[in-house]
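Q: Hi! Could you walk me through this structure?
A: Happy to, here it comes.

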Amino acid sequence: MTILNETYELSNGRTIPKLGLGTWFIDDAVAADAVRDAIEIGYRNIDTAQAYGNERGVGEGVRTSGVPREELFVSTKLAAEIKDYDGAVAAIEESLAKLDIGYIDLMLIHSPQPWNDFRGGDYSEGNRQAWRALEEAHGAGKVGSIGVSNFLQADLDNILEHAVVTPHVNQILVHAGNTPTELIAYCEEINILVEAYSPIAHGEILNNPEVAAIAERYGVSVPQLCIRYTIQLGTVSLPKTANPDHMRSNAEVDFVISDADMELLRNLDERDYGQSGVFPVYSGK
């Protein structure tokens with residue numbers, strides 16, 4: 001599981017592990033156990049959010065893991081509904097208090113729009129205000145790196161036109177079957193690292209026979225193929241699970257996908273998320 005030791009360098013010189021643990025839908029009551037299990041296996045990158053409701057548990061898992069704080073990379077996200085400076089300042093302090101791990105390695109604006117208006121109205125000014133609050137937390141050393149999530153090019157440009165600090169990260173939906181090639185290329189061009197959430201397409205990719213056939217050629221599982229795919233794209237991969245067996249399996253990706261198979265996966269169009277289509281990010285907007 002050498003992937004757990006591999007990192008990318010962010011534009012501010014900090015490093016981030018290539019593979020992380022996503023914690024969406026992991027209840028706060030069991031989050032500490034999941035985080036401790038992941039860290040014991042060798043994970044050093046843990047991703048949470050205010051919207052997940054489990055920052056307290058994630059922080060407890062980090063504090064009680066037995067691994068020095070500076071060896072871990074912990075991310076959280078500012079709630080998508082917060083589009084004002086004062087609200088953002090208060091929410092950042094709330095995350096620091098709930099996590100209780102001294103500082104946050106990476107904090108993102110969770111979405112350019114509130115979830116109930118995803119890809120809807122114009123929140124440009126609100127995003128600039130939230131970004132100013134993150135910049136100040138970054139300058140104060142409370143947050144090591146700052147970034148955004150679910151931001152399209154126009155959303156990024158709005159931040160860039162007014163920012164003192166260029167976002168270090170854009171965390172977006174990336175998986176075989178949904179590869180936003182142009183957005184990834186734009187982020188690379190301006191030195192913003194892309195993080196891929198839902199690299200296994202919220203589980204629905206398991207039903208794709210074409211992907212299963214490619215995985216079989218490499219003697220790996222579909223999740224392993226999909227995680228390796230996002231890493232070879234040059235993104236941080238953030239599969240979510242509370243199952244230690246799945247954590248281990250997800251990290252067993254020390255193989256290389258051929259250029260031809262990467263092209264097949266990149267050109268695949270598979271965006272049927274089943275019941276998960278009710279969530280804004282999977283709704284096709």
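A: A definition to begin with: helices (H or I, at least four residues) and strands (E, at least two) are DSSP runs, numbered from the N terminus. The expected span of a helix is 1.5 Å times one less than its number of residues. This is a predicted model, where local features need pLDDT of at least 70 and side-chain atom pairs count only at pLDDT 80 or more, while totals for chains, interfaces and linings use all residues. Residues are numbered from 1 along each chain as its sequence is written, and side-chain values use heavy atoms, with hydrogens and water left out.

Q: Great. How many residues does helix H4 have, and how far does it reach?
A: H4 covers residues 124-139, which is 16 residues. From its first C-alpha to its last it reaches 22 Å, close to the 22 Å expected.

Q: Which residues of H4 are buried?
A: Gly 126, Asn 127, Ala 130, Trp 131, Ala 133, Leu 134, Glu 135 and Ala 137. Buried means under 20% relative accessible area, exposed over 50%, and partly exposed in between (1.4 Å probe, protein chains only).

Q: And what covers the buried residues of H4?
A: The cover includes strands S5 (73-78), S6 (104-109) and S7 (143-149), along with helices H3 (85-99) and H5 (153-160).

Q: What happens just after H4?
A: Gly 141 takes a positive phi there, of about 80 degrees.

Q: You mentioned H5. Is Asn 158 in that helix buried or exposed?
A: Asn 158 lies in H5 and is buried, because its relative accessible area is 9%. Leaving aside neighbours within four places in sequence, Asn 158 is in contact (heavy atoms within 4.5 Å) with Ser 124, Asn 127 and Arg 128.

Q: Changing topic: where does Glu 210 lie?
A: Glu 210 lies in helix H7, residues 209-218. With 39% relative accessibility, Glu 210 counts as partly exposed.

Q: What is Glu 210 in contact with, beyond neighbours within four places in sequence?
A: Leu 264 and Leu 268. The C-alpha atoms of Glu 210 and Leu 268 are separated by 9.1 Å, though the two are 58 residues apart along the chain.

Q: Zooming out, how many helices and strands are there?
A: The protein has 10 helices and 10 strands, and buried residues make up 55% of its 285 residues.

Q: Last one: what box do the C-alpha atoms fill?
A: Roughly 55 × 45 × 35 Å, taken along the principal axes.

Key: Contact means heavy atoms within 4.5 Å.
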